[in-house]
Amino acid sequence: MLGAAQLLACQGPEMRLTPALSPDPRPVPSDSLMAGFGRADITPPPGIGLTGNGPEGRKAAGYRLRLYARALVLQEPSGRRLALVVADLPHVSALLHRRVAELLLRDGTGIGTDRLLLSATHTHAGPGHHYEAGAYNASASEVSGYDAVLADSLVHRIARAVRVATEDLRNARMAWGTTHVWGISRVRSLPARERNLPRPAVIGTPPPGLPPALAAIDPRLTLLRVDLWDPAAAEYRPAGAFSVFAVHGTGNATENDLLDADIHGLVERGLERHIDARNHAGQGFRPRAVHLFANGSEGDISPSVPASSRCDLPRLAPHRAVGGPFAERRWGWHRAAPNHVRDCVGAARRATVLVGDSLAAAAIALFDRLAPARGQPLLRRAYTTLDLAERAESLGVCETPFNGTSTAGGAPDARTRVYRWRLFGLFSAGFEEGGTAVNREHDGCHGAKRILLGPGLQSLLVSPDLPGYAQVSVFRVGSVLLVGIPAEVTTEAAQRIERAVLAAAPRNEGIKEARVISLANGFLQYLTTAEEYSAQFYEGGSTLYGPGSAALMARTAGALAARLDESGVTMPGVTIVGHPGDDESIIPRPGRVADSTESDRLEGVECRGDTLLAHWVHGVPGQWLEEARPQIEIREDVSDTLVAWDDHPWVEVRAVGRRGHRVRWEARWVPPRHAGYRVVLPGASDSLARADAVRCGPRISGSAL
Amino acid sequence: MDADPVRSRLDAETRMRFRRSLVSAHAAALLLIGTAHGQVRGEAQLGVTGRYVWRGVTRTSKISLQPELAASAAHRSLGVAAGVWSNFELERGGADQRTALGVGRSGLAERDYWIGAWYAFDGGDVSAGFIRYNFLGVPALGGIGASRNTSELYATIDLRDVFLAPRVDFYVDVGRIDGCYLAGSVTAPFLAWPFPPTFSLFADASLGLNISQARDPSDPFDRADFDDTGITHARLGIRAMRSLSPWLTLSAGYRVQLNFDEATKDRIGPTGPRGGISGWGHVQLALHPADS
């Protein structure tokens with residue numbers, strides 16, 4: 001969630017992103033549907049801002065679950081391709097989408113902007129700094145700025161995942177299925193949702209006794225199982241999946257300082273490991289199977305985590321002065337006490353794993369139930385770019401994008417430090433949900449929105465750096481329509497979009513379901529219905545183009561669905577103009593990478609309390625992780641069984657200093673049981689890669705949690 | 001002035017011994033606590049002010065440089081601290097300006113030492129200590145000289161996490177005057193930019209109350225600071241603060257003071273009436289431990 005103010009994001013150099021549309025497909029020598037999966041590590045080096053929590057997003061010190069871009073490319077015998085990509089990122093910028101498409105076209109994949117549905121899982125423990133809209137580079141975390149090298153690295157890595165998938169294209173069988181998952185997510189803005197007219201219907205059948213906020217969700221977990229032809233086994237084997245479920249990637253607490261794939265990373269890995277086990281593929285560092293877990297209408301949906309998993313916010317107060325009676329009081333933001341941070345971050349971690357594992361179990365059960373069959377599911381797409389900046393009036397939205405005052409206070413998952421701020425402690429500034437965030441006059445296009453800083457100042461300082469465009473696409477994959485919306489869509493807004501799409505889609509062609517995919521192909525903050533907007537909760541305040549925004553998206557998606565044929569591209573010529581800001585070098589630019597003579601070196605392993613600590617030297621600042629292997633492996637001493645590595649829900653890896661020009665890393669892991677463990681550096685020469693085993697872990701049997 | 005010079009000298013020697021013992025004990029405590037627990041912190045401040053106003057009384061209306069060095073050592077909620085503060089008059093100035101150093105002079109006009117101890121609790125702290133004021137001006141040129149040197153004991157309660165963050169300071173002069181003074185202040189932030197580098201704007205208000213430091217009109221040698229007991233001044237200020245790095249903070253502000261006690265009022269021109277209102281700007285750079 002974007003926080004407080006996107007102030008002072010002054011316009012920098014202009015960036016022009018032209019659409020790179022797909023060429024006409026070339027028929028391929030196959031009479032079958034083909035599919036391929038790809039994956040690329042997109043974990044950036046430490047130093048970037050963990051994006052999505054506004055000023056509460058911390059600077060990354062290291063990582064836990066690595067971030068990946070996962071790709072599924074589908075191809076008809078006609079040569080028509082669709083690429084679905086889900087990246088473990090907080091958001092996808094139009095910059096990423098268009099540049100990835102440009103690279104893919106250059107590589108001859110035939111996949112342009114219109115055939116690429118690139119979406120984000122919405123982890124709030126991933127990098128920003130890649131937006132063409134400068135406001136988000138300025139305010140999405142405590143680390144501000146656009147980083148051209150980071151953006152470029154992400155583009156190349158995401159494109160590589162798609163290329164790997166195209167190279168993996170094989171005869172495929174697939175099947176769609178849906179299950180309902182209750183109890184792990186909730187509507188966080190229920191009063192706003194209840195304003196909808198007619199009252200939103202309950203989706204599915206919630207278990208009896210479920211609290212209203214948990215029963216009001218869209219519980220659908222929709223999954224596409226893909227089996228690929230295995231030439232060695234001469235049979236179709238499960239290879240991966242694409243699934244959609246609506247839940248915010250806010251399992252981690254705001255005080256978390258590690259890059260992490262959050263809930264979605266656990267669901268992705270859970271099914272991937274399961275498929276690998278079914279295929280007897282072993283359980284190595286990187287799973288062979290690929291599970292793309294896209295986010296659905298998560299705009300108003302939070303993971304159901306306990307209050308203890310949210311950390312106290314920084315507060316503005318005088319510092320205790322070292323100086324005595326003469327010193328001027330120095331004020332500043334005070335973070336919560338370390339003990340509290342340790343407790344809330346730990347509670348968030350436990351809740352994240354619980355939610356992630358529950359969702360993974362549901363995905364596994366659904367995957368196993370599905371029986372992919374022969375057939376040639378239709379692949380279609382329609383795509384457009386809405387020019388909101390130039391055509392607002394004719395599109396039925398407000399001319400100037402504005403954030404409301406409720407945006408500044410944040411959402412319940414992650415409030416910001418200015419939540420409920422009062423001027424002189426007395427007068428509300430509107431940094432809350434509803435209440436004083438509502439413009440009682442309802443004047444102007446933005447109606448109920450009380451505009452942050454006032455319309456004059458915001459239109460001068462912020463609006464020019466907000467996106468003035470929206471890329472919308474509808475993909476047909478067999479019986480399901482996937483609607484890519486570049487915003488965080490609320491449950492009811494998505495329902496309306498899906499109804500519009502289903503009503504407009506060609507009839508009698510076996511279309512059974514539509515699913516909105518939020519945060520696709522760009523980022524425009526939130527999308528609420530007009531009724532929800534009138535409540536001015538966080539989502540309404542962050543619906544930039546006013547109360548008509550969701551209706552515009554429903555009309556647009558409906559119009560696209562009606563054109564799901566080969567000439568589905570409409571209004572292709574819109575060039576996106578952004579102002580990302582100056583290049584800030586957020587991640588260090590490596591002067592030189594470590595060469596082969598500089599082997600990794602394990603410096604020491606110890607057990608402190610229940611925690612195993614390892615220190616080693618690897619790489620240089622700004623250097624990206626190696627994809628193919630872990631930095632460290634932890635093995636049980638006696639059995640030599642591999643029990644953990646640096647892509648694990650309970651292994652925390654931080655850059656803790658330097659050794660010369662190289663980075664000194666630290667890993668912390670609480671073993672599940674007291675035993676002897678050895679740490680090994682796979683990237684180091686033998687003499688430097690190992691240390692003596694240490695005995696570590698909780699002496700009381702139980703868990704490492 | 002004391003009538004008995006012998007008694008006066010003995011008193012002075014006793015006080016000096018007391019001060020030296022206090023400073024030595026304090027320095028030892030700083031060293032011991034700091035060494036034992038590794039929580040020694042230092043802070044340096046450098047201020048420039050359009051006028052130097054001490055408890056409402058303008059000591060110099062010239063531009064002054066005011067550096068301070070302080071160190072503290074803490075163990076859990078308890079700590080000890082000490083520091084030195086100085087006032088340099090940067091302009092030579094004329095007869096129409098107030099000066100602590102003397103007309104036509106510039107340089108070090110005042111150097112004060114303080115030592116204290118504090119106890120931190122949830123939401124604030126209390127502290128108490130000792131201040132020694134040393135003046136280096138030339139009385140013959142209208143400055144403040146060594147005869148005005150004095151010492152104070154102080155106690156402060158600082159409620160940082162309470163609405164308006166009130167602070168109350170209580171001073172007892174144990175040197176030249178033997179009287180008490182009370183000061184209170186409140187601060188309200190009204191703009192705070194949450195993204196680094198943070199920036200904030202504050203309004204503050206303070207009030208000074210002279211309890212027993214008024215001059216005795218019947219004693220021509222009384223060197224007390226105020227004319228009357230009661231409220232000496234009320235002050236309103238606005239201050240902007242920007243963190244330049246986690247260790248460096250720049251602040252600037254402007255203060256307006258309503259003068260109630262005659263001693264706080266500046267004469268407008270060499271022979272003009274005394275003013276009821278005064279105002280001045282100030283800038284400060286603070287080098288401090290990294291903020292949490």
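Q: Where is B:Pro197 found in chain B?
A: B:Pro197 sits in the loop between E10 and E11 of chain B. Strands here are DSSP runs of at least two residues (E), helices are runs of at least four (H or I), and both are numbered from the N terminus.

Q: What makes the peptide bond from B:Pro196 to B:Pro197 cis?
A: Its omega is near -5 degrees. The model is predicted: local features need pLDDT of at least 70, side-chain atom pairs count only at pLDDT 80 or more, and totals for chains, interfaces and linings use all residues. Residues are numbered from 1 along each chain as its sequence is written, chains are lettered from A and ligands numbered from 1 in the order in which they are written, and side-chain values use heavy atoms, without hydrogens or water.

Q: What is the omega of the cis bond from A:Leu197 to A:Pro198?
A: Omega is near -10 degrees there. A:Pro198 lies in the loop between helix H4 (190–193) and helix H5 (212–215) of chain A. Most peptide bonds are trans.

Q: What phi does A:Phe424 have?
A: Phi is positive, about 55 degrees, although A:Phe424 is not a glycine. The residue is in the loop between strand E19 (422–423) and strand E20 (427–428) of chain A.

Q: Why do B:Asp161 and A:Arg315 count as a salt bridge?
A: A salt bridge needs a side-chain nitrogen of Lys or Arg within 4 Å of a carboxyl oxygen of Asp or Glu. The N to O distance is 3.0 Å, so the pair qualifies. Three salt bridges are counted between chain B and chain A.

Q: How many residues take part in the contact between chain B and chain A?
A: Chain B supplies 50 residues and chain A 35. Contact means heavy atoms within 4.5 Å.

Q: How much area is buried between chain B and chain A?
A: About 3700 Å², with 61% from carbon and sulfur atoms. In chain B, B:Trp193, B:Pro194 and B:Phe195 lose the most area to chain A, together 18% of what that side buries. Buried area is the accessible area (1.4 Å probe) lost when two parts are put together, summed over both.

Q: What makes a nonpolar patch that includes B:Leu207?
A: Its residues have over 30% relative accessible area and no salt bridge, and nonpolar side chains (Val, Leu, Ile, Met, Phe, Trp, Tyr) are joined within 5 Å; like charges are joined within 9 Å. Accessible areas use the Shrake-Rupley method with a 1.4 Å probe, and for residues only the protein chains shown count as cover. Among the members are B:Leu207, B:Tyr254 and B:Ile277, and the patch has about 940 Å² of accessible area together. B:Leu207 is in strand E11. E13(B) gives the most to the patch, three residues.
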